[in-house]
Amino acid sequence: MHISGHTPSLPEPSADALALSQRLLAHIRDAIAAAGGWLPFVEYEALALYAPGMGYYSNGSVKLGQAGDFTTAPELSTLFGQTLARQVAEILPHTGRQIIECGPGSGKLALDLLRELERLDCLPESYALLEVSGDLRERQQQRFAEQAPQLLPRLRWLDQLPEQIDGVVLGNEVLDAIPTHLLRWGEDGVHQLGVVWQDDALQLAARPLTDADLLAQAEALPVDAPYQSEVQWQAAGFVRTLAERLQRGVIVLIDYGFPQREYYHPQRVSGTLMCHYRHHAHPDPLWLPGLQDITTHVDFTAMALAGVEQGLELAGYTSQALFLANAGITELLQEADQSDLPRWLPLANQAQRLMSPAEMGELFKVLALSRHYPHPLRGFAMGDRSHTL
């Protein structure tokens, strides 16, 4: 059993932030009581991240950049969106020319990608941003109004996926933010971890896993007890939904993670669950709910299978470094004036961070799934054969 407490090495939250967390904690305690005293971890995580007005992704606090808790590739460099645009530009003419971005965050990826598509004279008919946070939606709209108002007529904001999609679906660091089941394999079978309120604190407590479908999936995984890890059932369900709606085109999912054989490696006996608070990483998901990101790496084998089972084709899987190299990031760097060192050196440094194995290049992967799209994708043209599912 795990007892959550204050982690001394983390920065002190403000009084307002602590008050917000206390409100969410009361809400979680009510949910635990309503569930009979034990709340499955997947439901706790959903409240901690998405409870209206209180959860981490819905309370209006800054998440990205220096003032936030973590940095994403689009926030790091415009090169990321510009390079991705070159892959998207290859796909759009063979489809209904629509783009849907899931979880668009600050809107930085959308802005960089659309500006590059505009430069390439390959703008989509529409660019839809699937955004459930009213606060983030306002920030995205403000970003475009200030920096690229000419693109606003092509934009639309969605609360849910359309019934039919004909074009490109993008998801950068979306899958890792979908709540996950937390399981423990022992000599006496598979247990599911949940959250209880005991001794005036949130604690993790295990119960035998009784859901037949989830149990069958857990027992089929290549793990030897004792072992603790995650099963990303909801993320796989999201991919299945995307697959059902995709009539023609390509889904491109970018995230940090592994194929299944690495995800459930014998040395990864504690799973991949991690929390982020002001650029500090730590393993306690029960610390001040609502103030920190709770995340897991992505099991890309499970995501690929979810799409293939719905009739999609596996169109590509590789590291972020190889994808960006194939899609043309070096060409973009060469277009920059190398004699203008104050501008070129930061770009070169950003490319290094995006592609270096020690930074984002190897841990982040790119998965592409397609329907009725028989054309090769440049982002996967050349690759390391070790990147297999």
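Helix α5 covers residues 108–119, and its 12 residues should span 16 Å at 1.5 Å a residue; the C-alpha atoms at its ends lie 17 Å apart, which agrees. The model is predicted, and the values in this text are to be read with that in mind. Most of α5 is covered, since nine of its 12 residues are buried. These buried residues are K108, L109, A110, L111, D112, L113, L114, E116 and L117. After α5 comes D121, with a positive phi near 55°.

Which residues of α1 are buried? They are A17, L20, S21, L24, L25, I28 and I32. When α1 is viewed down its axis, the buried residues fall within an arc of 145°, so they line one face of the helix. The face turned away from this buried side carries exposed residues, namely A15, D16, D30, A33 and A34.

The next element is a strand, β17, made of residues 364–371. Is β17 largely enclosed or largely open? Eight of its eight residues are buried, so the strand is largely enclosed by the rest of the structure. Buried here means under 20% relative accessible area. The cover extends to both faces of β17.

Which strands pair with β17? One of them is β11, residues 246–258, which pairs with β17 in the antiparallel sense over eight bridges. Strand β16, residues 313–319, also pairs with β17 in the antiparallel sense, over six bridges.

The segment after β17 contains L389. With a relative accessibility of 33%, L389 counts as partly exposed. Together with V308 and L314, L389 makes a nonpolar surface patch of about 220 Å². This partly exposed leucine can be set against the residues of β17, where eight of eight are buried.

The loop between α7 (212–220) and β10 (227–231) holds P226. The peptide bond that leads from A225 to P226 is cis, with omega near 0°.

Positive phi values in residues other than glycine are another detail to look for. R97 has a phi near 60° and is not a glycine. The place of R97 is in the loop between α4 (78–91) and β3 (98–102). D199 is not a glycine either, yet its phi is positive, at about 55°. This residue lies in the loop between β8 (189–198) and β9 (201–208). Is D199 buried or exposed? D199 is exposed, and its relative accessible area is 65%.

Note on methods
Residues numbered from 1 in each chain as written. Predicted model: local features only at pLDDT ≥ 70, side-chain atom pairs only at ≥ 80, totals over all residues. Heavy atoms only, no water. Patch = residues over 30% accessible without salt bridge, like charges linked within 9 Å, V, L, I, M, F, W, Y side chains within 5 Å. Areas by Shrake-Rupley, 256 points an atom, 1.4 Å probe, with all protein chains shown as cover. Salt bridge = Lys/Arg side-chain N within 4 Å of Asp/Glu carboxyl O. Helix = DSSP H or I, 4+ residues; strand = E, 2+ residues; numbered from the N terminus. Buried < 20%, exposed > 50% of the residue type's maximum accessible area, 1.4 Å probe, protein only. Pairing = 2+ DSSP bridges. Arc of directions from axis to C-beta. Expected span 1.5 Å × (residues − 1).
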